[in-house]
Amino acid sequence: SLSGLKPIIVYQEKQLHNVGKQEGIIIARTIGERKRILIIKKAQEKNIVMLNIKNPSEYIARKEEERKKRKESRPKERVAKKETKKRERGKKKSIRR
């Protein structure tokens with residue numbers, strides 16, 4: 001690679017234990033957002049160079065903010081769905097009687 005480090009593709013957090021000083025990690029593109037954040041945090045703790053993420057701290061902050069926004073909007077939809085299901089069940093029971 002351009003940095004002079006040997007690239008290692010990482011799929012799991014436990015693979016970080018095998019990374020040496022002359023190696024840099026590339027987080028596989030198939031890894032989900034939650035696990036990607038965990039891998040990045042662990043790599044930062046161990047001072048491992050990440051070749052496919054320019055600014056890891058900024059990346060983590062941005063992604064966690066996005067997850068937080070999604071999570072806040074999600075429960076309202078679930079509650080509404082549960083209430084409509086309960087109403088539908090009540091209607092079905094009244095029809096059967």
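A salt bridge is a side-chain nitrogen of Lys or Arg within 4 Å of a carboxyl oxygen of Asp or Glu. Lys41 and Glu64 meet in one, at 2.9 Å from N to O. The model is predicted. By this rule it holds 4 salt bridges.

- Lys41 is partly exposed, at 35% relative accessible area.
- Glu64 is partly exposed too, with a value of 35%.

**Salt bridge Glu33–Arg70**
- The side chains of Glu33 and Arg70 come together at 2.8 Å, N to O.
- Glu33 belongs to helix 1 and Arg70 to helix 2, so the bridge ties parts 37 residues apart in sequence.
- Glu33 has a relative accessible area of 24% and counts as partly exposed.
- Arg70 is partly exposed, at 40%.

**Salt bridge Lys42–Glu13**
- Lys42 and Glu13 form a salt bridge of 3.8 Å, N to O.
- Lys42 sits in helix 1, while Glu13 sits in the loop between strand 1 (6–10) and strand 2 (23–27), 29 residues away.
- Lys42 is partly exposed at 27% relative accessibility, and Glu13 is partly exposed at 34%.

**Positive patch**
- Helix 2 gives the most, with 3 residues.
- Arg34 lies in helix 1.
- Arg34 counts as exposed because its relative accessible area is 53%, and exposed means over 50%.

How values were computed
Residues are numbered from 1 along each chain as its sequence is written. This is a predicted model: local features need pLDDT of at least 70, side-chain atom pairs count only at pLDDT 80 or more; totals for chains, interfaces and linings use all residues. Side-chain values use heavy atoms; hydrogens and water are left out. Helices (H or I, at least four residues) and strands (E, at least two) are DSSP runs, numbered from the N terminus. Buried means under 20% relative accessible area, exposed over 50%, partly exposed in between (1.4 Å probe, protein chains only).
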